[in-house]
Amino acid sequence: MAFPDRIERTIEVAHPPAKVWDALTTAEGLGSWFGDDAAVDLRPGGAVRLGWANGDSVELRVEHVEEPSVFAFTWRVHGLPEDDPRRTYVEFTLEPVGGGTRVTVVETGFGQLPEDAHRPAHDDNTRGWEEKLGELVDHLDAA
């Protein structure tokens with residue numbers, strides 16, 4: 001049986017694409033919903049660092065920037081050793097709809113994982129995107 005390689009989630013928010021773009025691509029935005037703090041070098045090949053109050057952090061590599069509609073990065077697969085080179089690719093696409101924005105996030109690359117690592121990584125990130133997209137909505141609504 002083949003493993004699912006992707007996670008895809010779409011939400012619609014009552015905020016213009018420019019506001020959503022800022023939440024996705026600025027240190028202030030990302031540090032308000034995705035982590036507790038962030039640093040962003042917004043260019044292909046640039047680094048994004050997300051940190052949390054418990055001391056955890058993660059590094060992302062910016063892969064694609066097409067303001068104000070596409071932001072993509074790669075990051076290491078949670079649960080694999082720090083030095084493992086395998087990464088998943090995450091792409092946010094913003095589309096204006098009425099007075100708001102349709103936000104689609106797609107994460108791919110889980111098919112490269114062995115059976116014992118695939119299910120935990122895919123399941124954790126599936127739950128994670130549900131939670132994080134809810135936090136993005138809360139952040140946008142509060143701003």
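1. Which side chains does a polar contact of 3.1 Å join? The side chains are those of Thr-104 and Thr-10. A polar contact here is a pair of N or O atoms within 3.5 Å; within protein, one must be able to donate a hydrogen and the other to accept it, and residues adjacent in sequence count only if both atoms are side-chain atoms.

2. A note on the source: this is a predicted model, in which local features need pLDDT of at least 70 and side-chain atom pairs count only at pLDDT 80 or more, while totals for chains, interfaces and linings use all residues. Residues are numbered from 1 along each chain as its sequence is written, and side-chain values use heavy atoms, with hydrogens and water left out.

3. Thr-104 belongs to strand β7. Helices (H or I, at least four residues) and strands (E, at least two) are DSSP runs, numbered from the N terminus. Thr-104 counts as buried, at 15% relative accessibility. Buried means under 20% relative accessible area, exposed means over 50%, and partly exposed lies in between (1.4 Å probe, protein chains only). Apart from neighbours within four places in sequence, Thr-104 is in contact with Glu-8, Arg-9, Thr-10, Glu-91, Phe-92 and Thr-93. Contact means heavy atoms within 4.5 Å.

4. The sheet is open and has seven strands, in the order β1-β7-β6-β5-β4-β3-β2, with antiparallel pairing. Two strands pair if DSSP finds at least two bridges between them. Strands β1 and β2 are the edges, since each pairs on one side only. From one strand to the next, the twist averages 20°. Axes are lines fitted to C-alpha atoms, for helices over the stretch in contact, and angles run from 0 to 180 degrees between N-to-C directions.

5. Strand β6 (residues 87-97) and β7 run antiparallel and are joined by nine bridges. Leu-94 has Val-103 in β7 as its bridge partner, and Pro-96 stands opposite Thr-101 in β7. The hairpin of β6 and β7 has two residues between the strands, and in this hairpin Gly-98 takes a positive phi near 55°.

6. Strands β5 and β6 also run antiparallel, joined by seven bridges. Val-70 stands opposite Thr-93 in β6. In the loop between β4 and β5 is Pro-68. The peptide bond from Glu-67 to Pro-68 is cis, with omega near 0°.

7. Which residues have the most contacts inside the largest nonpolar core? They are Phe-73, Phe-92 and Trp-129, in a core of 34 residues. Helix α3 (residues 115-142) supplies the largest share of this core, six residues. A nonpolar core is a set of buried Ala, Val, Leu, Ile, Met, Phe, Trp, Tyr and Cys residues joined through side-chain atoms within 4.5 Å.

8. Eleven salt bridges are found in a search of the whole structure. A salt bridge is a side-chain nitrogen of Lys or Arg within 4 Å of a carboxyl oxygen of Asp or Glu. In one of them, Arg-102 pairs with Glu-12, and the closest N and O atoms are 2.8 Å apart. Arg-102 lies in strand β7 (residues 100-108) and Glu-12 in strand β1 (residues 6-13), so this pair ties together parts that are 90 residues apart in sequence. Arg-102 is partly exposed, at 26% relative accessibility.

9. Glu-95 also forms a salt bridge with Arg-102, with 3.2 Å between the closest N and O atoms. Glu-95 counts as partly exposed, at 39% relative accessibility. Through shared partners, salt bridges join Glu-12, Glu-95 and Arg-102 into one network.

10. Another salt bridge is formed by Asp-37 and Arg-49, whose closest N and O atoms are 2.7 Å apart. Asp-37 is in strand β2 (residues 37-40) and Arg-49 in strand β3 (residues 47-51); the two are twelve residues apart, and the pair links distant parts of the chain. Asp-37 is partly exposed, with a relative accessible area of 33%. Arg-49 is partly exposed too, at 30% relative accessibility.
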